[in-house]
Amino acid sequence: MAIEAPVVTRTITVTVNGKARTAEVENRLLLVHFLRETLALTGTHIGCDTTSCGACTVLLDGVPVKSCTAFAVQADGMSIRTVEGLLGDAGLHPIQQGFHEEHGLQCGFCTPGMMLTAVALLEENPDPSDEEIRWAISGNVCRCTGYQNIVKAVHNAAARMREGS
Amino acid sequence: MATGHEIRGMGHSVPRKEDQRFLRGKGNYVDDISLPGMLHLELLRSPYAHARIVSIDATEAEALPGVVAVITGEALAAHNLAWMPTLSGDTQAVLATDKVRFQGQEVAAVVAESAYIAKDALQLIDVDYEILTAVSTPQQALAEGAPLIRDDKEGQDSNHIYHWEAGDREATERAFAEADRVVSLDTFYPRCHPSPLETCGCLADVNPATGKTTIYMTSQAPHAHRTLFAIVTGLPEHQIRIVSPDIGGGFGNKVPIYPGYVCATAASLLIGRPVKWIDDRTGNLISTGFARDFHMHGELALQGDRMTGLKVKLLSDNGAFFADAQPTKFKAGLFHIVTGSYDIPTAHVEGDGAYTNKAPGGVAYRCSFRVTEASYMIERLVQNAAYDMGIDPSELRLKNFIQPEQFPYESATGFVYDSGDYPGALKVALDRLGYDDLRQEQLEARAGGRLIGIGLACFTEVVGAGPGKEYQIAGLRMFDSAELRVHPTGKAILKLGVKSQGQGHETTFAQIIAQELGIPYEDVEVQEGDTDNTPYGLGTYASRSTPVAGAAAAMISRELREKARTIAAHLLEAAESDLEWETGRFFVKGSPDQAVTIQDIAFAAYTNIPDGLQAGLEGVHYYDPPNMTFPFGSYAVVVEIDRGTGAWKVLRMVAVDDCGTRINPMIVEGQIMGGLTEGYGIAAMQLITFDDDGNCIGSTFMDYLLPTAWETPVFEIDQTVTPSPHHPLGAKGVGESATVGSPAAYVNAVIDALAHAGVRNIDMPLTSDRVWAALNEVGLAE
């Protein structure tokens with residue numbers, strides 16, 4: 001028997017990287033697809049579909065969320081920060097500079113999610129220890145770097161941000 | 001010669017050029033590409049490991065609004081595309097027509113306006129299966145009366161695939177007959193999966209007007225894939241363009257051709273619109289190139305403290321189709337590097353392969369094919385031999401290493417090692433670790449009831465295939481290429497036949513040109529991955545980019561430097577023989593002020609060329625290496641085991657690598673730390689296993705565990721430098737050393753903590769329950 005489920009949609013408004021965006025979306029549309037396909041923000045990647053790898057991490061009202069396991073409609077009224085929103089008027093965000101200087105990335109696929117998780121950590125804890133950094137990013141898998149340079153990159157960014165503040 | 005900061009040639013830890021786009025979220029991975037009118041393809045996969053397909057009814061799926069087509073094996077068979085050749089000369093079903101032979105096998109494809117609709121439609125396809133007995137181990141597969149998996153192949157009356165041997169059986173048997181000690185080890189190197197964070201996928205775009213077929217594809221080997229596509233589909237090769245854009249990690253997983261690529265291309269051809277297929281993680285884990293799955297029995301013969309013979313028997317589980325990514329004539333890959341770093345006069349290796357109802361596509365997961373298994377076998381055997389002899393494992397190694405003066409060294413199985421200093425690397429590792437003190441601490445800890453273990457691995461790899469006369473994949477000789485175009489203003493573009501998946505080629509290769517021609521590295525753009533735009537090459541895997549394409553880049557630079565000399569002589573009105581080169585310029589011997597820079601020469605190459613000389617400063621070099629390269633190293637791991645749970649923690653990890661000359665030391669160390677982490681994952685957690693019915697356990701990242709920052713050890717990196725004598729830059733390749741060498745070091749460390757109680761083996765992955773069972777068996781559990 002053919003299933004012809006009616007397509008159920010809803011209009012949502014979210015603030016993405018500081019800009020209000022309104023769209024009519026299918027209720028079942030995943031947040032990551034909303035970002036990548038509806039808004040063409042392809043810096044957020046999909047790695048595992050099961051909330052395990054963190055490649056799709058974005059900040060939802062400042063909190064790291066794996067956007068492959070959230071619906072776009074759940075973000076209605078909220079503010080989203082993606083990797084495209086890290087760049088400031090002064091150029092690269094300190095976390096981007098840190099990853100570059102410390103060779104904290106190789107293939108680049110985990111990097112956006114990893115950096116956003118680190119940004120959330122540094123907002124809460126401006127001078128984290130190695131252990132605190134490793135715990136904070138333990139929901140983000142990197143297959144290339146072995147994490148050691150990512151830990152250095154977060155320290156590098158932390159020092160920069162403390163100097164800048 | 002070291003170049004200055006403004007040039008930044010070899011030896012500089014230059015931050016990477018490619019970072020800029022990745023940091024901004026502006027990478028260009030396959031799934032980031034969209035084309036007008038693009039459709040989405042999703043694959044229906046078999047829920048059963050072994051079953052006959054009675055019927056496939058796609059009527060309801062086809063009727064779902066938004067579905068454009070449902071493709072079955074029968075439809076592909078009409079175009080002679082239901083089967084495709086594998087990299088090992090076997091055949092593999094694109095979409096199953098007769099039977100499914102592993103869980104996750106591709107059965108049908110839906111093409112729809114969106115991926116969501118395509119996934120909906122998969123649920124509406126009604127496949128009637130007649131379930132058959134599944135074969136989930138090679139031992140079962142080769143047993144009398146086993147169900148025949150490949151009944152599609154004429155003349156195939158068993159599940160046996162190949163028998164392969166290397167070395168001298170008789171001489172080895174004599175060494176064993178004369179030995180006063182034989183140490184043996186049975187171990188299973190389990191099936192694991194490379195799991196790059198980006199899954200495999202493609203976007204196929206067949207232009208119905210011109211016939212030009214462009215396939216954006218997650219490919220480590222775009223040129224070889226183009227040729228294979230031409231052979232499989234019958235499309236003219238010049239009308240196929242493979243574009244491998246940014247790749248989110250490969251590790252061997254993106255070497256084979258998968259059914260999804262063929263289905264998407266066929267769909268685009270039939271429908272006349274671009275078709276995208278991006279695998280989900282489960283599809284990636286259960287159907288694409290796995291690694292290892294090697295049952296090994298090894299025996300080491302000793303006379304006194306000298307190793308005199310080695311024999312190894314292998315049984316490989318190749319899954320339902322023999323699709324290993326290996327040099328064609330080596331059925332068990334390069335396993336015969338198994339004598340490793342030791343001067344063992346005789347050796348014999350024999351291997352057999354079997355079909356099972358498991359996924360096909362054995363790949364070299366971050367190694368040259370089977371070198372990881374070989375390295376694991378010898379390093380485990382040597383460590384165990386030392387325990388049996390009652391001497392320190394470092395001492396037995398030092399006594400049996402191939403000595404620096406023995407190079408070039410011909411091994412008992414026929415490899416000619418280029419260069420090495422094995423005692424040197426081990427001594428650096430032992431000093432760095434404080435080995436002797438640690439051994440003392442270990443004893444004291446043991447007396448206090450704590451279990452500390454120190455594991456060593458002194459690996460030798462063989463990488464950088466060719467030579468082409470020895471090493472081929474699907475008949476294609478394993479050379480590689482570099483095309484250099486120096487523009488009139490002195491800026492350059494370098495085009496390569498290899499393809500980075502995160503290794504940093506855009507930086508490293510620019511540094512090679514900077515070194516060789518003195519053009520600042522910022523002024524060199526590296527391009528790869530687009531077959532319409534780069535010279536033919538075999539691709540990036542088996543650590544071959546630096547050994548082969550790196551050599552090609554150096555050679556074309558040197559050829560252009562010779563042409564530059566002719567132009568310089570013309571500009572300086574001097575004889576060519578009177579000119580001397582230093583980084584970036586030619587000057588007249590004895591008059592360093594009379595000079596022209598490479599930029600001056602580049603301009604003249606297009607504006608002021610001497611009579612009789614062709615204009616331009618461009619060229620291409622195809623490099624066929626005279627030999628493989630042999631990177632090596634010594635890894636030392638210290639662990640402590642929790643006697644209550646069997647959990648073990650790495651306390652120290654010292655890695656000393658020798659990959660010859662280092663082009664960008666920062667990138668080299670990044671490669672090593674990544675490999676050490678994957679080695680840790682393989683030793684500790686990464687396991688793809690199957691139940692008796694052939695159901696895959698490990699089909700998501702919730703079941704197939706990868707190391708996170710939390711449990712990944714802190715690495716202490718060190719080096720020695722022994723250049724390769726036959727490589728133009730002295731470089732050997734490094735991308736895989738740590739994955740090859742480190743699993744044995746981690747496992748040896750755990751075994752070392754238990755060796756005094758008689759434990760000699762625990763099969764990987766060393767999960768807590770397995771270690772606890774070993775503790776319990778020897779009365780060490782708490």
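## A walk through chains A and B

Start by selecting Thr51(A), which counts as partly exposed because 17 other C-beta atoms lie within 10 Å. The scale behind that word: 20 or more other C-beta atoms within 10 Å of a residue's own make it buried, 12 or fewer make it exposed, and partly exposed is in between, with C-beta atoms placed from the backbone. You're looking at a predicted model, where local features need pLDDT of at least 70, side-chain atom pairs count only at pLDDT 80 or more, and totals for chains, interfaces and linings use all residues. Residues are numbered from 1 along each chain as its sequence is written, while chains are lettered from A and ligands numbered from 1 in the order in which they are written.

**Stop 1: around Thr51(A)**

Stay on Thr51(A) and check its backbone: phi is near 65°, a positive value in a residue other than glycine. Most residues other than glycine have a negative phi. Thr51(A) sits in the loop between α1 (31-38) and β3 of chain A. Element names follow DSSP runs, numbered from the N terminus: helices are H or I with at least four residues, strands are E with at least two.

**Stop 2: the two domains of chain A**

Now colour chain A by domain: domain 1 covers 9-85 and domain 2 covers 94-164. Those bounds come from an automatic or database domain assignment. The centres of the two domains of chain A, taken over C-alpha atoms, are separated by 21 Å. Where they meet, 16 residues from domain 1 of chain A and 12 residues from domain 2 of chain A take part; contact here means that the C-beta atoms of two residues, placed from the backbone, lie within 7 Å. On the domain 1 side of that contact in chain A, β3 (57-60) and β4 (63-66) are the elements giving two or more residues. The largest share of that side is the 3 residues from β3(A).

**Stop 3: a helix pair in chain A**

Select α3 (residues 111-124) and α5 (residues 148-164) of chain A: their axes come within 11 Å and cross at roughly 45°. α3(A) is therefore oblique to α5(A). Angles under 35 degrees are called roughly parallel, over 145 roughly antiparallel, 65 to 115 roughly perpendicular, and the rest oblique. The axes are lines fitted to C-alpha atoms, for helices over the stretch in contact, with angles from 0 to 180 degrees between N-to-C directions.

Show side chains next. Met114(A), Ala118(A) and Leu122(A) in α3(A) meet Ile150(A), Val154(A), Ala157(A), Ala158(A) and Met161(A) in α5(A). By class, this contact of α3(A) with α5(A) holds 8 nonpolar residues, with no polar and no charged ones. Nonpolar covers Ala, Val, Leu, Ile, Met, Phe, Trp, Tyr, Cys and Pro; charged covers Asp, Glu, Lys and Arg; the others, Gly among them, are polar.

**Stop 4: across to chain B**

Bring both chains into view: 42 residues of chain A are in contact with 44 residues of chain B. On the chain A side, α2 (94-101), α3, α4 (130-136) and α5 each supply at least two residues. The biggest contributor to that side is α2(A), with 4 residues. The chain A side splits by class into 20 nonpolar, 17 polar and 5 charged residues.

**Stop 5: the domains of chain B**

Chain B is assigned domain 1 (33-362), domain 2 (371-410 + 419-463 + 629-777) and domain 3 (480-623). Select domains 1 and 2 of chain B, whose C-alpha centres lie 29 Å apart. Between them, 44 residues of domain 1 of chain B are in contact with 48 residues of domain 2 of chain B. Each supplying at least two residues to the domain 1 side in chain B are β10 (181-189), α9 (281-287), β15 (294-303) and β16 (306-317). β10(B) gives that side the most, 6 residues.

**Stop 6: Ser195(B)**

Move on to Ser195(B), in the loop between β10 and β11 (201-206) of chain B. Phi of Ser195(B) is near 45°, again positive in a residue other than glycine. Is Ser195(B) buried or exposed? Ser195(B) is buried, because 27 C-beta neighbours fall inside 10 Å.

**Stop 7: Ile452(B)**

Pick Ile452(B) in strand β20 (residues 451-460) of chain B. Ile452(B) is buried, with 20 other C-beta atoms within 10 Å. Leaving out residues up to four places away in sequence, Ile452(B) touches Glu441(B), Gln442(B), Ala445(B), Val638(B), Glu640(B) and Ala753(B).

**Last stop: two cis peptide bonds**

Most peptide bonds are trans. Phe407(B) and Pro408(B) are joined by a cis one, with omega about -5°, and Pro408(B) is in the loop between α11 (393-400) and β18 (409-410) of chain B. The bond from Met764(B) to Pro765(B) is cis too, with omega near -10°; find Pro765(B) in the loop between α18 (737-754) and α19 (768-777) of chain B.
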